[in-house]
Amino acid sequence: MIAGVTLDDTACFSSDYQSAREKLRSLALPLVTRHETYANPNLGPSGEALATDAYWFGPADARNVLVLVSATHGVEGFCGSGAQVDWLVTDGLGLLPPATAALVVHALNPHGFAWLRRTTEEGVDLNRNCLDFAAGLPANPGYDELASAFVPASIDAATLAEADARIEAYRAKHGQVAFETARSSGQYSHPEGIFYGGTETTWSIRTLGRIVADFDLASRDHVAVIDYHTGLGPHGYGEPICGHRPGESGQARCRAWYGESLGEPMLGKSASLPIAGLTQYAWGREVGADRLTFVALEFGTFPPDEGAAALRADHWLHAHGSVDWPGEETRRIKAALRRFYHPDTPDWRQMVLLRSRQVIAQALAGMAATPPDRSLPQPTIGHTP
């Protein structure tokens, strides 16, 4: 209990993908208007089935839709799944305004969630995958120069020391912003590497498109997406990050709805740098940019160097090591990655739930207070998704 607010953080969060999926499913199915399962063609580390689940709550012909998305970055799904469960157990459905529905998308990247990876089964970071691949791939010469330092062929002490020296020399020569851009803005030439955007659209992004079509989101007045992420910023703080470009209507709505705490990477006001290929662009393409109001709700965890070390070890394991799920080395590497992206302490979990509730309330109030753009095609009353 914090200031009279009940926070059942222990019950909301789960220990793995399978239990998270089952927990949300058991809570959601008695309440849903519609449920769709999108089976992933792969299996989890224990042979379990993998899927993205989409749950629709509220009126079928809702003009406004709140969308809660977990596990865009696989291992970060513990946070988003916990927030989705919290929305259900705190009667989120009962708090929906008139003519408003909610769509809960559980585990957009189920493979990464189950295997404790940030990437998909294709080794792709979904927030770098939403490009027009026919137009060519962005170059990242800084990453090319440091690729073997970011993910070396060995993780023995001597190799890591040499790799870190190369990284520090690049940082000293080019500056911190140039280094971070090289490292994390996205790269398309090293499939084994970190922040790899791929060369074609992934299963998860194709599934995103199917969800938008199946639930007819492109015919609504407003679609407010909250996509849960972890790993950037102060410990436990949730920053709503806006990827709408300056001058777009989505930027204006984000500013009006989320206030001064809104992060805008394109304006240098965020824990995140500008990134190519955001999933937001896929949502915008499928839903319509003038209907979409999108934030990535990013919760800080630990210092960046800890995350860099955990991510490097995981990519080394899958590129050069041997993934032995019960093995000691695999367990150690996965535990470090899981800890960085899901600290799993009572204070951190409670901060996630409090901030999630606040941002959801802001999104609902924003949709209710914002007149639709009547120049757009309008929903068909009585439509059943």
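Colleagues, the structure before you is a predicted model. Mean pLDDT for the protein chain stands at 94, with 95% of residues reaching 70 or more. One stretch calls for caution: across residues 379-385 the pLDDT falls below 50, although in the model this stretch has 19 contacts beyond near neighbours in sequence.

Let me turn to the overall architecture. The protein chain comprises 13 helices and seven strands. Its radius of gyration is 20 Å, close to the 21 Å that the globule rule gives for 385 residues, so the chain is as compact as a globular protein of that length. The C-alpha trace spans about 65 × 45 × 45 Å along its principal axes. Among contacts with a separation of 6 or more, 78% are between residues 24 or more positions apart.

Next, the interior and the surface. Of the 385 residues, 54% count as buried.

Finally, I would like to consider helix α5, residues 141-150. Which residues of this helix are buried? They are G142, Y143, L146, A147, A149 and F150. In an α-helix there are 3.6 residues a turn, so residues three or four places apart point the same way. And against which helices do the buried residues of α5 pack? Their partners are α6 (157-174), α7 (176-184) and α11 (304-319).

Key. Residues are numbered from 1 along each chain as its sequence is written. This is a predicted model: local features need pLDDT of at least 70, side-chain atom pairs count only at pLDDT 80 or more; totals for chains, interfaces and linings use all residues. Side-chain values use heavy atoms; hydrogens and water are left out. Helices (H or I, at least four residues) and strands (E, at least two) are DSSP runs, numbered from the N terminus. The radius of gyration is taken over C-alpha atoms; the globule rule is 2.2 Å times the number of residues to the power 0.38. Buried means under 20% relative accessible area, exposed over 50%, partly exposed in between (1.4 Å probe, protein chains only). Contact means heavy atoms within 4.5 Å. pLDDT is the predictor's confidence in each residue, from 0 to 100.
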